[in-house]
Every structure is written in structure tokens, then in C-alpha cells.
Amino acid sequence: MFKKTFQSRICHLTTVHSHFDERIFYKEVKTFVKAGYDVVLIAQNDKEEIVDGIRIVPLPMLKNRLKRMVLLPFPCLLKALKQKANVYHFHDPELLLVGLLLKLMTKANVIYDVHEDYGKQILSKSYLPKFARSTIAWAVNKIEKVISRTFDAIVTATDDIFNNFSYHKRAVAVKNFPVLSNFAEIKKDHTNNSGVFNLIYVGGLTEIRGVTQMIQALEYINSNKKVNLTLCGKFYPANYEKQVRSLKGFEKVEYKGWIEPQDIPSTITQADVGIVCLHPITNYLTALPVKLFEYMAVGLPVIASNFPLWKEIVEGNNCGVCVDPLNPKEITRAVKYLIEHPELRKKMGESGRKAIVEKYNWEKESKKLIKLYKELLVPC
């Protein structure tokens with residue numbers, strides 16, 4: 001059996017994501033450190049540092065998208081080459097050329113980690129002209145498909161993305177489920193006699209993520225309990241926050257802003273119901289939003305969009321209610337139903353937690369990643 005040693009160096013690269021990105025840092029990179037690998041992370045940061053045994057090699061911090069895409073790949077490549085790693089594992093489509101050059105210039109294994117279906121994602125990008133989106137999406141898919149054939153492995157965040165790479169000899173879906181050990185604190189009191197019923201949403205605060213409809217739903221709620229919605233995340237674009245604050249229902253909103261990943265479990269445990277009502281755009285229909293599974297992990301019943309895949313997860317595991325995310329009154333009815341049925345909320349919360357423990361957790365998914373690395377690094 002191949003024994004991992006500190007001679008096996010892994011270098012993760014990202015120009016898009018934070019150095020403390022939840023999937024990259026808190027799940028994948030920490031998994032490799034725990035497994036005994038020497039891990040380097042190249043990412044935007046203001047200094048070189050070692051955090052939890054992970055050496056972070058900094059790239060310039062650029063907020064402008066175009067500048068980032070133009071100015072960061074080359075220095076990222078140079079810093080990666082200096083690591084002399086056994087595996088280069090990159091996370092962004094704008095690093096496809098960097099991945100290709102690493103494959104041509106080194107003897108290392110190169111892995112492309114695909115977080116999103118980027119072709120589908122482009123179709124909903126508001127900053128791109130509508131007439132150009134289909135052409136750009138087609139071009140991105142073609143470039144991704146051609147270059148990815150040269151890589152030693154493909155890791156995808158969902159089964160749907162995995163299907164895009166079925167031609168690759170070594171592709172594996174490693175889903176972005178919660179780290180079970182981080183969610184030991186479980187909501188135990190579902191009776192809620194406090195007079196306040198708390199909903200929570202954690203994630204990006206954009207129009208297509210259903211924030212407007214969630215807040216509009218608060219306008220229609222008539223209940224003996226005061227109903228509040230806690231929003232955790234950042235508004236995008238910036239002027240969307242002003243639009244949302246003008247809604248009548250916003251008087252029932254507590255806006256916490258962005259919260260650190262390690263603070264998510266304790267924050268959502270304070271709520272009674274987790275809500276995730278993303279709009280039915282192509283890229284979301286087959287997505288697996290981590291927030292959905294985090295709600296389940298702490299034993300919260302959920303209100304979720306009625307996409308077929310999500311209904312299979314939510315209703316199939318009896319852990320919540322699915323609604324039309326574009327219909328605020330339907331969201332309202334789901335909230336009122338859960339307020340009026342505390343015993344059902346408790347059962348749903350318990351069922352969701354059970355599903356996380358048995359199926360939807362990072363501990364199970366990470367085994368696929370470790371197995372892949374063992375296969376790549378086994379001596380010839």
C-alpha cells in the first residue's frame with residue numbers, strides 16, 4: 001500500500017476564490033494536511049503565512065474582474081513552478097492555460113477542480129451583453145473540454161458537472177457537503193415559545209438567489225408569532241441592497257452581513273427554519289447549495305425551491321417543504337404551515353440531520369479525493 005510522506009507536495013491554486021474559501025481551504029486542503037501531505041495554497045492574500053499547517057503563498061489582491069483575469073495567471077504560474085509539487089490542483093477556469101503549462105513544463109500531476117458549470121453560469125451573468133452570452137458560453141465549454149483532456153484528473157462539485165466530463169478517463173464528483181464534525185451543535189428546541197419565529201438565509205444576496213421574494217413573503221405573514229428573517233452574506237451588485245431595503249418586508253429583516261465559515265453552525269442553530277429559494281435558472285436547477293445541507297446538519301427544517309433534484313433531497317428525506325421560489329405567497333404559506341406544526345418541524349429537523357450523518361457529509365466525500373490522490377501518486 002502506498003504510504004503518504006511529506007515528499008508528496010500538493011499545490012492548490014486559485015486566483016478567484018479567497019484563501020479561506022470554504023471548499024478549498026476548510027474542506028479539501030485541510031483534508032490533505034490531515035492525511036499527511038505537504039500542502040501549499042496559492043491565492044490572493046496580503047502576506048505569506050502558515051495557517052493550520054497550510055503554507056499560503058500570496059498573490060496580489062485585485063477586486064477588478066478584468067485585471068484579475070489578465071494580471072494574476074502569470075505570477076500564479078511562476079509561484080506554482082517554484083513549489084516543485086507532485087500535484088497541482090487548480091480551481092478556476094481562468095487558470096486553464098496555467099494548468100496546461102504546468103502539465104507541459106513539469107512532471108507533476110495536474111487536477112482541474114470544477115466548482116460550477118461555467119457554460120450555464122455565463123448564461124445568467126448580468127454584466128455580459130445578452131446577445132453575446134450564448135456564444136461566450138459555447139466558447140468556454142469548447143476550450144474547457146479541449147484543454148481538460150490533457151489533465152490527469154477532473155474533480156467536480158456535482159454529478160451534473162461530472163456528466164460534462166464523462167469523456168475523461170479519471171473524473172470524480174466530490175460534492176461540497178458539510179464537514180460533519182463542524183456541526184455538532186444541534187437545535188434541540190423546536191417548540192419555540194419565545195413569540196418570535198426566526199427564518200435564516202446564508203449565502204450571496206442577489207436577485208436570482210430569491211432574496212426579493214423571501215422578503216416580500218414577510219409582508220403577507222399574519223401570525224401570533226413575530227416572524228424575522230436573518231440574512232447573512234454580501235449584496236451584489238451594491239445597488240441591490242438599496243432596492244431590497246426599500247421593500248416593506250425589510251422591517252422584519254436582521255442583516256448580519258458576511259459571516260466567517262466557522263461561525264455558520266452557531267449562527268444558523270439560533271433559527272427555526274432555513275430557507276433557500278434560488279430562482280429556476282439553468283445553472284441552479286442541478287446545483288447542490290451547501291447552505292441547504294448546513295441547515296439540515298444542525299437539524300433545521302428547510303424551505304427550498306421546488307426543483308426536481310431539490311425535491312428529491314428535501315421531500316425524499318422528509319426534511320422540509322419545497323415551493324415555487326418566484327411566488328412570495330407560496331413561501332408565506334410554507335412558513336405559516338411550519339409555524340403551526342412544531343412537532344412536524346422537529347421530525348423534519350431530525351430527518352434532515354439523519355440524512356447528513358448517513359449520506360450528505362464531507363467525511364464521506366473526502367474519501368473519494370484521497371483515493372484519487374493515492375492513484376495518482378502511487379510509484380510506477
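1. In this predicted model, the buried residues of helix H3 are covered by elements that include strand S1 (9-18), strand S2 (38-44), strand S4 (54-59), helix H2 (65-71), strand S5 (87-90) and helix H4 (96-105). The residues of H3 (residues 73-83) that are buried are Pro 73, Cys 76, Leu 77, Ala 80 and Gln 83. Seen down the axis of H3, these buried residues fall within an arc of 115°, so they line one face of the helix.

2. The face of H3 turned away from that buried side carries Phe 74 and Lys 82, which are exposed. After H3 comes Lys 84, and the phi of Lys 84 is positive, near 50°.

3. The second largest pocket holds about 440 Å³ of space, and its lining is made up of 19 residues, with Tyr 26, Val 179, Ser 181, Asn 182 and Trp 362 lying nearest its centre. By residue type, the lining of this pocket divides into eight nonpolar, five polar and six charged residues.

4. Which helices each supply at least two residues to the lining of the second largest pocket? They are helix H1 (22-34), helix H10 (264-268) and helix H16 (362-377), and H1 gives the most to this lining, with six residues.

5. The whole structure contains 17 salt bridges, and among them is the pair Glu 22 and Lys 27, whose closest N and O atoms are 4.0 Å apart. I would note that this distance lies at the limit of the criterion, because a salt bridge requires the nitrogen to be within 4 Å of the carboxyl oxygen. Lys 27 is buried, with a relative accessible area of 2%.

6. Glu 28 and Arg 23 also meet through their side chains in a salt bridge, at 3.3 Å from N to O. Arg 23 and Glu 28 are linked together with Asp 113 in a network of salt bridges.

7. In helix H16, the side chains of Glu 365 and Lys 368 meet in a salt bridge at 3.0 Å, N to O. These two residues are three residues apart in H16, and are therefore separated by about one helical turn. In an α-helix there are 3.6 residues a turn, so residues three or four places apart point the same way. Glu 365 is buried, with a relative accessible area of 5%, whereas Lys 368 is partly exposed, with a relative accessible area of 30%.

How values were computed
Residues numbered from 1 in each chain as written. Predicted model: local features only at pLDDT ≥ 70, side-chain atom pairs only at ≥ 80, totals over all residues. Heavy atoms only, no water. 1 Å grid on protein atoms, 1.4 Å probe; cavity = no way out; pocket = protein on both sides within 12 Å on 5 of 7 lines; lining within 4 Å. Points joined across faces, edges and corners; volume = space filled by probe spheres on them. Helix = DSSP H or I, 4+ residues; strand = E, 2+ residues; numbered from the N terminus. Nonpolar A, V, L, I, M, F, W, Y, C, P; charged D, E, K, R; others polar. Buried < 20%, exposed > 50% of the residue type's maximum accessible area, 1.4 Å probe, protein only. Arc of directions from axis to C-beta. Contact = heavy atoms within 4.5 Å.
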